[in-house]
Amino acid sequence: MTQSFETFKGEIERALSACGVDPHEWCDVSAAASYLAEDQHTNAPDEFWTVVRRFRRTTHQQAAIDRQIFLDDLELELTGGCGACGLEADQMCAACGRCNCDRHDECTRPADQ
């Protein structure tokens, strides 16, 4: 599979930026993208691929974490809890049944609890 100049350029910029490096100070991004687009079977410098691998690993890990948080929040919502504050249905306020997203200044715990 071949990639375009723009694809390489964007990937280089995102990878270096994600690692806290200004891509245009670190290298000539256009020249690097052009080099990679022209000869896609030639290996790029090891430092470049190290940065790209770090970017991909970080991005994919964060996406997996975000998906898991979304699923946990969705499960809470579907079972009567609150995904926003993380309370399960049986942890809601005993007096009013609301979650921690609301103030409970007037709530009084029932005597039997």
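This is a predicted model: local features need pLDDT of at least 70, side-chain atom pairs count only at pLDDT 80 or more; totals for chains, interfaces and linings use all residues.
Mentor: Residues are numbered from 1 along each chain as its sequence is written. Local features need pLDDT of at least 70 and side-chain atom pairs pLDDT 80 or more, while totals for chains, interfaces and linings use all residues, and side-chain values use heavy atoms, without hydrogens and water.

Trainee: How many helices and strands does the protein chain have?

Mentor: There are 4 helices and 0 strands, in the order α-α-α-α from the N terminus. Helices (H or I, at least four residues) and strands (E, at least two) are DSSP runs, numbered from the N terminus.

Trainee: Where is Asp90 found?

Mentor: Asp90 sits in the segment after helix H4 (46–78). Its C-alpha atom is 8.5 Å from that of Gly80, 10 residues apart along the chain.

Trainee: Why is Asp90 called exposed?

Mentor: Buried means under 20% relative accessible area, exposed over 50%, and partly exposed in between (1.4 Å probe, protein chains only). Asp90 has 68%, so Asp90 counts as exposed.

Trainee: How much of the protein chain counts as buried?

Mentor: Of its 113 residues, 20% count as buried.

Trainee: What gathers in the patch of negative charge on the surface?

Mentor: Asp72, Glu75, Glu88 and Asp90 do. Asp and Glu count as negative, Lys and Arg as positive, with His and the chain ends not counted. Patch residues have over 30% relative accessible area and no salt bridge, and like charges are joined within 9 Å. A salt bridge is a side-chain nitrogen of Lys or Arg within 4 Å of a carboxyl oxygen of Asp or Glu.

Definitions and conventions
Patches are made of residues with over 30% relative accessible area and no salt bridge: like charges are joined within 9 Å, nonpolar side chains (Val, Leu, Ile, Met, Phe, Trp, Tyr) within 5 Å. Accessible areas come from the Shrake-Rupley method with a 1.4 Å probe; for residues, only the protein chains shown count as cover. The place of a charge is taken as NZ of Lys, CZ of Arg, CG of Asp or CD of Glu.
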